[in-house]
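Student: I have a structure open and want to learn how to read it. Can we go through it feature by feature?

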Amino acid sequence: MKIEHVALWTKNLETLKAFYMEFFSGTPNNKYRNPRTGFESYFLTFDSGARLELMDMPSVAVSPHDPETPYTGYVHLAFSVGSRENVDALTEKLRGRGYRIVSQPRQTGDGYYESCVLDPDGNRIEITE
């Protein structure tokens with residue numbers, strides 16, 4: 001058994017698609033549109049085969065959660081970039097482009113070398129070696 005994909009609602013469909021393409025090498029499919037409901041989505045596929053669905057629909061409300069405050073439910077996506085040097089480089093690239101770094105690259109108590117950044121919607125993205 002495997003997780004087939006993870007999905008995120010957004011009000012910034014094109015912006016989020018561009019973010020995951022540029023920084024995490026996601027390859028999108030053609031946009032799906034349902035003209036009756038206004039639903040739109042992309043599936044982005046990553047080198048590992050993992051997929052992320054980005055979805056928008058006019059009736060979906062923006063989350064009231066502050067990305068700095070933990071809450072139940074979705075916590076983060078984690079992308080392995082292969083080395084500590086790659087974690088450091090991607091973190092600096094994101095910082096240089098104005099993205100918010102929630103935690104600096106560091107060795108965690110459970111053995112990961114990681115940093116954490118917020119995507120354009122405020123979702124937490126862990127960058128691991």
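Student: Into how many nonpolar, polar and charged residues does the lining of the second largest pocket divide?

Tutor: Take the classes first. Ala, Val, Leu, Ile, Met, Phe, Trp, Tyr, Cys and Pro count as nonpolar; Asp, Glu, Lys and Arg count as charged; the others, Gly among them, count as polar. Here the lining of the second largest pocket has 12 nonpolar, five polar and four charged residues. Keep in mind that this is a predicted model: local features need pLDDT of at least 70, side-chain atom pairs count only at pLDDT 80 or more, and totals for chains, interfaces and linings use all residues. Residues are numbered from 1 along each chain as its sequence is written, and side-chain values use heavy atoms, with hydrogens and water left out.

Student: How is a pocket found?

Tutor: Rolling a probe the size of a water molecule over the atoms shows where empty space is left. The search uses a 1 Å grid over the protein atoms alone and a 1.4 Å probe; a pocket is an open set of points with protein on both sides within 12 Å along at least five of seven lines, and lining residues have an atom within 4 Å of a point. Grid points are joined across faces, edges and corners, and the volume is the space filled by probe spheres set on the points.

Student: Which residues are closest to the centre of the second largest pocket?

Tutor: This pocket holds about 480 Å³ of space. Of its 21 lining residues, Phe-46, Ser-48, Ala-50, Ala-78 and Phe-79 are the closest to the centre. Two or more lining residues come from each of α1, β5 and β6. β6 gives the most, four residues. Helices (H or I, at least four residues) and strands (E, at least two) are DSSP runs, numbered from the N terminus.

Student: What volume does the largest pocket have?

Tutor: About 580 Å³. It has 23 lining residues, and the closest to its centre are Ser-63, Tyr-71, Asp-121, Gly-122 and Asn-123. Strand β1 (residues 6–9) gives the largest share of that lining, three residues. The lining divides into 12 nonpolar, seven polar and four charged residues.

Student: How many residues does the largest nonpolar core have?

Tutor: A nonpolar core is a set of buried Ala, Val, Leu, Ile, Met, Phe, Trp, Tyr and Cys residues joined through side-chain atoms within 4.5 Å. Buried means under 20% relative accessible area, exposed over 50%, partly exposed in between (1.4 Å probe, protein chains only). The largest core here has 22 residues, and Tyr-20, Phe-24, Leu-54 and Leu-94 have the most contacts inside it. α1 gives the largest share, six residues.

Student: How many aromatic pairs are there?

Tutor: Rings of Phe, Tyr and Trp (its six-membered ring) pair if their centres lie within 6.5 Å; planes under 30 degrees apart count as stacked, over 60 as edge-to-face and the rest as tilted. The count is 11 aromatic pairs. Phe-19 and Phe-24 have ring centres 5.8 Å apart and planes at 55°, so they are tilted. Phe-19 is buried at 2% relative accessible area, and Phe-24 is buried at 9%.

Student: Where do Phe-23 and Tyr-99 lie?

Tutor: Phe-23 is in helix α1, while Tyr-99 is in the loop between α2 and β7 (101–107), 76 residues apart. Their pair is edge-to-face, 5.4 Å centre to centre with 80° between the planes. Phe-23 is buried at 7% relative accessibility; Tyr-99 is partly exposed at 22%.
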